[in-house]
Amino acid sequence: MAEDKIYVTEEGLKKLQDEYEHLVHVVREEVKQELKEARALGDLSENADYDAARDQQAQVESRILQLENMLQHYELIDTSKTGSRTVHIGSEVVLQFMDTKEEQSFRIVGSTEADPLNGKLSNETPLAQAILDRKIGDIVEVSAKIPYEVEILDVK
């Protein structure tokens with residue numbers, strides 16, 4: 001992941017930046033205070049509060065490093081391609097699943113913003129991979145455990 005691009009929308013980038021700032025300036029300080037208070041309780045070898053604070057510190061520091069990496073390697077999704085008939089990262093697409101004739105709408109986003117229940121589909125999913133760079137009217141086979149076909153009805 002060190003050199004992989006992290007695709008994000010402007011909204012997603014703002015969320016990552018906000019989370020980073022909150023962890024560095026608020027949560028990290030809270031954890032330091034909890035460690036200080038736990039140390040004051042005495043014997044560290046049998047101090048559950050100290051162990052819990054150390055675990056939380058490790059989780060916070062790990063997430064900070066992860067966010068730093070993302071913020072160093074992100075690529076902003078170009079939403080100026082809207083209006084194109086071709087599917088790109090950032091496009092909103094309306095698909096019809098050929099087996100059920102059900103229509104569904106998705107926005108193709110980077111993996112950090114993916115939220116399929118809210119219509120945000122990661123660009124790394126088999127469905128997104130199958131439809132990227134395809135056009136309205138294309139019927140595409142999606143390589144999955146059980147392959148299926150979708151038709152691209154609209155691209156915004």
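Author: Two strands are said to pair if DSSP finds at least two bridges between them, strands being DSSP runs of E with at least two residues and helices runs of H or I with at least four, both numbered from the N terminus. The model is predicted, so that local features need pLDDT of at least 70 and side-chain atom pairs count only at pLDDT 80 or more, while totals for chains, interfaces and linings use all residues. Residues are numbered from 1 along each chain as its sequence is written, and side-chain values use heavy atoms, with hydrogens and water left out.

Reader: What makes β3 and β4 a pair?

Author: Strand β3 (residues 92-97) and strand β4 (residues 103-109) share five bridges in the antiparallel sense, and because at least two are required, they pair. Among the facing residues, V93 stands opposite F106 in β4, and E92 has R107 as its bridge partner there. Five residues lie between the strands of this hairpin, where K101 takes a positive phi near 65 degrees.

Reader: How do you know that β3 also pairs with β7?

Author: Strand β7 (residues 148-155) runs antiparallel to β3 and is joined to it by five bridges, one of the bridge partners being V155, which faces V93.

Reader: Why are β5 and β6 said to stand at the edges?

Author: The open sheet of five strands has the order β5-β4-β3-β7-β6, with mixed pairing. β5 and β6 (139-142) each have a single partner strand, so one side of each is left without a neighbour in the sheet. From one strand to the next, the twist averages 45 degrees, an angle between N-to-C directions of axes fitted to C-alpha atoms, on a scale from 0 to 180 degrees.

Reader: Why is N123 called buried?

Author: Buried means under 20% relative accessible area (over 50% is exposed, in between partly exposed; 1.4 Å probe, protein chains only), and N123 has 7%, so the term applies. N123 lies in the loop between β5 (120-122) and α3 (126-131), and its contacts (heavy atoms within 4.5 Å) include Y7, I108 and L132.

Reader: Which residues touch the most other members of the largest nonpolar core?

Author: A nonpolar core is a set of buried Ala, Val, Leu, Ile, Met, Phe, Trp, Tyr and Cys residues joined through side-chain atoms within 4.5 Å. In the largest one, of 19 residues, they are V87, V93, L95, I108, L127, I131 and V150. Two or more residues come from each of β3, β4, α3, β6 and β7, with α3 giving the most, four. Apart from this core lies another, of 17 residues, among them I6, A38, Y50 and A53.

Conventions:
Lists of a residue's contacts leave out its neighbours within four places in sequence.
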